[in-house]
Every structure is written in structure tokens, then in C-alpha cells.
Amino acid sequence: MSAASPHREQDSSAEEVLGEKPVRYIIQNLERTYGVPENKRASNPLDMLVKIILSQATSDTNSHRTFAALKKRFPTWDDALRARASTIAATIREGGLANQKAAVIKDLLKQIKREHGTLDVSSLHNLDVEEARKYLSQFRGIGPKTIACTLLFACRKEIFPLDTHIFRVLRRVGLIPQKCSDRRAHEIMDRIVPHGKFYSFHVNLIRHGRSLCRPREPLCERCPIVEYCDYGQTMI
Ligand code: SF4
């Protein structure tokens, strides 16, 4: 069964799809079900960039473990910059894709050092969202999701990261078109999420995608947002 009506897939522009959707109600209902998560404090953006790189294609537990291993082996980012990529890879092996991730981390550290003369990107905290996004976009291997996660989690900026769970839920609900690039989806969500709700909506969509709106056989009969969901409306 299609995740949304053919009419929406073929004829609606993203703006038309979004204009019909009560985003605030969806956020509210998710908060009633999963709680109101709080993004408590700002943190080091470079630590967060590396954490997000390490989180790709692995579990949260493995990702936390590999970051801890990396910090233990290389107490400062200058230490990691001086190390061979193969040594970094050996340190993060447990998280998978170790060679690939090590190369991205090493390359990122090199680029930052070349640009600033220091491995400190805390000035990101002082930039507005667009300036910060533009700044991070210059680095090879750093895509829209990594940028958005870093700016939301470390800098507490109003920007919306999308992962596979979130893409699936949003497509089923109809908040983003079925065919939509990563970049376009990020742009749409940055525009429609209300002020102050970026973190809560992001976290709760992941919770929802893991618990009820699963990849196969979503539990629409128990869903708190079924009344706003294109897919759900075809199931009840
Ligand atoms: S109604 Fe079903 S498809 Fe729609 S968000 Fe809920 S669980 Fe997912």
C-alpha cells in the first residue's frame, strides 16, 4: 500500500502539502505520548561533529562507546590530528565503518586546523543558523544531517535534523513529499517547525518511528497522530 495518496505524490508541491498540516497538533500529541524532551545545555561543537560521524550506521550504545574510546586514546583533538588515520580507525573499530569514519574525522580536523590555526569551532555558538550552516557546509564529508545535529544538539539552534526514522514518519504523515531530497526535506522542516519545538519534535519523531511507526507494519491503531496522517487514514 502506498504511504500517501497518489494525488499528493503527483500533484502537490511541498508547500501545498505542508499548508494543510497541523504541525502544532502533531507535536502536541507526540509530547503527550512520549513526553517533552529538553535540550539542556550547549556543548563543544567539534565533539558533537565527531559524535555524529561516529553514530552513523551503528547503535547509540556502540557510538557512545567508540567516542569514549577515542577521547581516552586521544585526550585532545590535536592528538587525534597527529595520529595516523589507521590508528584512529583501530580505536573506533567497534562502531563499524571504521576506516571511512576515521578518514572523515582526520580530514575534518585537518581542514579546521588549516582554516583557524586551532581546533576550536566554538565561535559557531555566536553565529545565526544560516551562518553556522554555511560555515559547516564547507567541510568535506559533512552533510546536512551532521550539520543539523551538531547545531541543534551542541549549539541549541533552531534547525531540524532528519534520520531514517524521521523521514519514514514524515513521508507517511505527509509533511514532506514522497520524493524529496535530503536537502529539500531539511529546508521544509526548518520552515514549518514552530519556534522552541525543534528539539522536542526531532526526539519524539525518532521515539515514534522506533516504537509505533516502525518500518514494517506500523501500529496505526495505537498511534497518537493517526488523525493527521495520510497513511494512517487509509488504515482505519
Ligand atoms: S498513523 Fe501509522 S503510519 Fe501514520 S504516523 Fe501513526 S503509526 Fe505511522
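Helices here are DSSP runs (H or I) of at least four residues, and strands are DSSP runs (E) of at least two, numbered from the N terminus. By that convention, Arg-168 is found in helix 11. The structure is a predicted model, in which local features need pLDDT of at least 70 and side-chain atom pairs count only at pLDDT 80 or more, while totals for chains, interfaces and linings use all residues. Residues are numbered from 1 along each chain as its sequence is written.

A residue is called buried if 20 or more other C-beta atoms lie within 10 Å of its own, exposed if 12 or fewer, and partly exposed in between, with C-beta atoms placed from the backbone. Because Arg-168 has 20 C-beta neighbours inside 10 Å, Arg-168 counts as buried. Contact between two residues is taken to mean that their C-beta atoms, placed from the backbone, lie within 7 Å. Leaving aside residues up to four places away in sequence, Arg-168 touches Gly-209, Cys-213 and Pro-215. Arg-168 and Cys-213 are 45 residues apart in sequence, and their C-alpha atoms are 8.1 Å apart in space.

Gly-209 counts as buried because 21 C-beta neighbours lie inside 10 Å. Its contacts, again not counting residues up to four places away in sequence, are His-165, Ile-166, Arg-168 and Val-169. From Gly-209 to Leu-170 the separation is 39 residues in sequence and 9.7 Å in space, C-alpha to C-alpha.

Cys-213 leads on to the ligand. A residue is near a molecule or strand if its C-beta atom, placed from the backbone, lies within 6 Å of it. There are 14 residues around the ligand, and of these Cys-213, Cys-220, Cys-223, Cys-229 and Gly-232 come nearest. Helix 11 gives the most, with 3 residues. For residue classes, Ala, Val, Leu, Ile, Met, Phe, Trp, Tyr, Cys and Pro count as nonpolar, Asp, Glu, Lys and Arg as charged, and the others, Gly among them, as polar. The shell around the ligand then divides into 12 nonpolar, 1 polar and 1 charged.

Between helix 13 and helix 14 runs a loop that holds Glu-221. Glu-221 counts as exposed because it has 10 C-beta neighbours inside 10 Å. The C-alpha atoms of Glu-221 and Asp-163, 58 residues apart along the chain, are separated by 24 Å.

On the scale of the whole chain, the domain assignment (bounds from an automatic or database domain assignment) gives domain 1 (6–38 + 160–233) and domain 2 (45–154). Their C-alpha centres lie 28 Å apart. The contact takes 10 residues from domain 1 and 5 residues from domain 2. On the side of domain 1 that touches domain 2, helix 12 (182–192) and helix 13 (198–211) are the elements that give two or more residues. By class, that side has 5 nonpolar, 2 polar and 3 charged residues.

Helix 13 also packs with helix 3 (residues 23–34), at an angle of about 65° and with the axes 10 Å apart. Here axes are lines fitted to C-alpha atoms, for helices over the stretch in contact, and angles run from 0 to 180 degrees between N-to-C directions. The crossing is left-handed, a term used when the near helix is turned anticlockwise from the far one by less than a right angle, right-handed being clockwise. Ile-27, Leu-30, Glu-31 and Tyr-34 in helix 3 meet Ser-200, Phe-201, Asn-204, Arg-207 and His-208 in helix 13. The residues of this contact divide into 4 nonpolar, 3 polar and 2 charged.

Helix 10 (residues 144–154) is largely enclosed by the rest of the structure, because 9 of its 11 residues are buried. Among them are Pro-144, Ile-147, Cys-149 and Leu-152. The buried residues of helix 10 pack against helix 4 (45–54), helix 9 (129–137), helix 12 and helix 13.

Just after helix 10, Arg-156 takes a positive phi of about 55°. Arg-156 lies in the loop between helix 10 and helix 11, and counts as partly exposed because 16 C-beta neighbours lie inside 10 Å. Ala-57 also has a positive phi of about 55° although it is not a glycine. Ala-57 is found in the loop between helix 4 and helix 5 (60–73), and is exposed, with 12 other C-beta atoms within 10 Å.
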